[in-house]
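Hello,

Here is the structure I promised to pass on. Have a look at it first, and my notes follow below.

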Amino acid sequence: MEGGGLPGPSQSIQVSGDAYCNSSAAPLDAAGSSSSPAVAKLRKLLFRRMLIGVNDGRYFHGLFHCIDKQGNIILQDAVEYRSAARHCSPPTEQRCLGLILIPAACRSSCQVDCSVEEKMSLLGLE
């Protein structure tokens, strides 16, 4: 992050609410892998930096911790970013929040910070 602003742009990754991802509760098959391709994709996102936008214009940047069946996301070490004035993007105010839950109904965007090769792999383009 440069100058206290928002993190740089990254590729958007679709995070669906139909997959349940938790380090201990996801079902495993006999081979020890996830039973669903969506769960496997979400497991690859665990503990990656994520930037999530919400409907009121705020953004939250933190480590992806988990998602539930309803699509609510938990970020850890989260930082909130918001514009100081409604019509001026800079300067941006920020505050550290820690562990937060972002309801699926409030989420407007979701981006994952990773390399181009990882983005292609996560999107299934490799």
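With which side chain does the side chain of His65 make a polar contact? The partner is the side chain of Gln76, at 2.6 Å. A polar contact here is a pair of N or O atoms within 3.5 Å; within protein, one must be able to donate a hydrogen and the other to accept it, and residues adjacent in sequence count only if both atoms are side-chain atoms.

Some background before you go on. This is a predicted model, where local features need pLDDT of at least 70 and side-chain atom pairs count only at pLDDT 80 or more, while totals for chains, interfaces and linings use all residues. Residues are numbered from 1 along each chain as its sequence is written, and side-chain values use heavy atoms, with hydrogens and water left out.

The chain has two helices and five strands, in the order α-β-β-β-β-β-α along the sequence. Helices (H or I, at least four residues) and strands (E, at least two) are DSSP runs, numbered from the N terminus.

Back to His65, which sits in strand E2. Leaving aside residues up to four places away in sequence, His65 touches Leu46, Phe47, Ile74 and Gln76, where contact means heavy atoms within 4.5 Å.

Strand E2 (residues 59-67) also holds His61. The side chain of His61 has a polar contact of 2.9 Å with that of Asp113. His61 counts as buried because its relative accessibility is 7%, whereas His65, at 30%, counts as partly exposed. Buried means under 20% relative accessible area, exposed over 50%, and partly exposed in between (1.4 Å probe, protein chains only).

Best wishes
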